[in-house]
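Here are a few friendly notes to read alongside the structure. I have kept them as numbered points so that you can check each one in the viewer.

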Amino acid sequence: MYEILKDDFFLWLKGQLGQKEILAPRLKEEGYLFLPWDGEELELTGYTNTLKPVKDAFFPQWEALIRYRMDKGKPVQVMGENPATKPLILFGVRPCDARSILLLDRVFNGPKYKDQHYRERRENTFVISLACSEPASTCFCQDLGISPLAKEGSDILLVDLGDKFLALADTLKGEEILQERPFSPATPGSMDKFQALQGVSRQAAAASLVPEILSGELSQVFVLPLWDEIYRKCLNCGVCTYLCPTCHCFDISDETTDTEGRRVRSWDSCMFGNFTQHGSGHNPRPTGKERIRQRVLHKFKYFPENYLAVACVGCGRCVAKCPVNFDIREVLKRLGGCQDDMSM
Amino acid sequence: MTCQCEIKNPYLPYQMEILEVVEENPEKDLKTFTLGFLNEADHGTFLYTPGQFAEISVFGTGEAPFGIASSPTEKGIVRFSVKKVGRVTTALHILEKGDLVGLRGPLGNSWPLEKFAGKNLVLVGGGFAFTTLRSLVCYILDEENRKNYGNLTVVYGARNPGQLLYKEELQDWSARPDIDIHLTIDRPVEGWWGKVGFVPAVTEQVVTSSENAVAVVCGPPVMIKFTLPVLKKIGFTSENIFTSLEMKMKCGIGMCGRCNIGNKFVCKDGPVFSMAELEKLPAEY
Ligand SMILES: Cc1cc2nc3c(=O)[nH]c(=O)nc-3n(C[C@H](O)[C@H](O)[C@H](O)COP(=O)(O)OP(=O)(O)OC[C@H]3O[C@@H](n4cnc5c(N)ncnc54)[C@H](O)[C@@H]3O)c2cc1C
Ligand code: SF4
Ligand code: SF4
Ligand code: FES
């Protein structure tokens, strides 16, 4: 464990600007967004989390995968698109979002298939997270067994101790930085404070909101009567999946002029009807019922079965931004999960 | 620390030249494309097994997945039979010999050849879904491979003779002693020399034993639906019946998230499944 005076930290961060681009939470009209930072004072007093999840930095909403030229009388020329991957520091990531990066790694950096663009951005990015002290009412990381002080997925996690940050590393890259000045080993006093904070935040012991029933037979879960009901108010707008830090679904399409083409990928959503529609018109998920079931089961059953972790980090963006107040916590509770939360 | 191994862009297709286009049906909406590698060196890296699929790029339009209809024993070419249904397939149908397309793959799993070794094989196909069954038949009929498999029985049906793929080849196969092939059409037509009747009924007639045998079924959903009980009646267990699924696909590598049935991605864990595997999944396909 290490520590650093806040002023020293921001001086150090500013010093990184020469070699790296830095994205930090910046307040816009709608809320906080990760935007380029050029060293001026950061206003983080009402900051709980960014509107858009951090996945954008590795898996952008829109990007070209390949490019081709179709000149008359010449063979088509095809080239891989090279993303501009400048070394990047992401500052101010919340622990839930940092964890989501580890989940996306399992999809985009698997044993058999690896996404080149994702990997390059990932390797070029240094993640400095900020532990949460005041979770929002829509936050439910702790009900999923995730601590607001967790360092997983961050290169460095900073914990606010008043005029100082306590600093923990979760990677070798992070550890190497913390071993050098201006960081210094944490004093016993700082460590005590950290321990006290950990005591205050409910211990991330049990993932109590993840219903037991979801580890059972799919044939039983699939036909639960609740699927016939919960989808009714959903508009299939897809906002919940676009804003989800772990949602990784995308579409691939070609954008072309007469002589040039780009094959691009853009975020897509299982909440859209045409997501699974076959060429013949047949659709395995024809109504909102099948789509909501897919969203819930993908996150809480299929992903855990394939990648050994729930594909939800409790950031609460889907709860906060759904136009019809569809609340995934309610669904989990109705499936048998429990949440120890006064506001509910 | 960071791995320095070079990661290739998985979306970069091979450059292919169309060597031949064959119109398969009188309606001209079903064509077989034979593709060759533009760069000689690519040829050796496209290593596939019958049952796999690949994404064909029509530059200027987009990509779509198709089962590989050729067999790896047919060196130097890759073949696909494509029905014209939408954007990409229509654009592909306009292309001619000498035009270039992209090819990405091979993708997915394959017919489980290791489970087929030493077994009698019953292949049941319908309509234009015969593509990867053709790949399998060609593979087994190859001189090197034939001895590794028992009897080969094929039942292949279509609405009318015009809709059968690979007509010349089917005739050649009919004349061979090492394959027992039964072609059938739905209703009698003048000059037709094969059987008349639906695929499930013909299967019931010609397949008499499931002893030391596996069955492979590929075709329209209704054909599969009525063929399965027939195969079960003959004695095939769910573990010994295999089929190939089609889903809407984009990435083909388990990332874009649209082709799952339960926790299985059809592009990565399929497209080939045993009925025993499918029975464990919801019928969301
Ligand atoms: C593993 C696998 C193997 C396959 N193997 C084969 C194979 O061997 N051979 C084969 O032919 N196919 C095969 N397919 C199916 C093939 O992938 C699809 O037919 C293909 O993707 C269709 O692409 P498209 O762009 O032509 O159609 P799309 O344009 O994506 O959609 C076509 C459908 O939408 C309708 N449509 C399109 N545009 C419009 C519009 N503007 N308004 C209303 N309706 C519209 C069309 O009528 C058509 O029904 C396979 C699929 C998979 C997953
Ligand atoms: S399937 Fe749905 S819930 Fe799962 S990652 Fe894709 S968009 Fe998100
Ligand atoms: S944000 Fe709400 S309304 Fe929109 S798709 Fe998600 S659950 Fe449905
Ligand atoms: S096609 Fe993308 S996950 Fe299967």
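1. Please keep in mind that this is a predicted model. Between chain A and chain B, about 3900 Å² of area is buried, and carbon and sulfur atoms give 58% of that area.

2. How many residues of chain A are in contact with chain B? There are 50 on the side of chain A, and they meet 39 residues of chain B.

3. Five salt bridges are found across the interface of chain A and chain B. A:Arg285 forms a salt bridge with B:Glu284, where the closest N and O atoms are 3.2 Å apart.

4. Which elements supply the side of chain A that touches chain B? Several helices and strands of chain A each supply at least two residues, among them strand E4 (62-69), helix H2 (95-108), strand E12 (260-267) and helix H9 (288-307). H9(A) gives the most, with seven residues. By class, this side of chain A has 21 nonpolar, 13 polar and 16 charged residues.

5. The residues around ligand 3 include A:Cys234, A:Cys237, A:Cys240 and A:Cys322. Also around ligand 3 are A:Leu235, A:Val239, A:Pro323 and A:Phe326, as well as A:Arg295. The shell around ligand 3 divides into nine nonpolar residues, two polar and one charged.

How values were computed
Residues are numbered from 1 along each chain as its sequence is written. Chains are lettered from A and ligands numbered from 1 in the order in which they are written. This is a predicted model: local features need pLDDT of at least 70, side-chain atom pairs count only at pLDDT 80 or more; totals for chains, interfaces and linings use all residues. Side-chain values use heavy atoms; hydrogens and water are left out. A residue is near a molecule or strand if one of its heavy atoms lies within 4 Å of it. Ala, Val, Leu, Ile, Met, Phe, Trp, Tyr, Cys and Pro count as nonpolar, Asp, Glu, Lys and Arg as charged, and the others, Gly among them, as polar. Contact means heavy atoms within 4.5 Å. Buried area is the accessible area (1.4 Å probe) that two parts lose on being put together, summed over both. A salt bridge is a side-chain nitrogen of Lys or Arg within 4 Å of a carboxyl oxygen of Asp or Glu. Helices (H or I, at least four residues) and strands (E, at least two) are DSSP runs, numbered from the N terminus.
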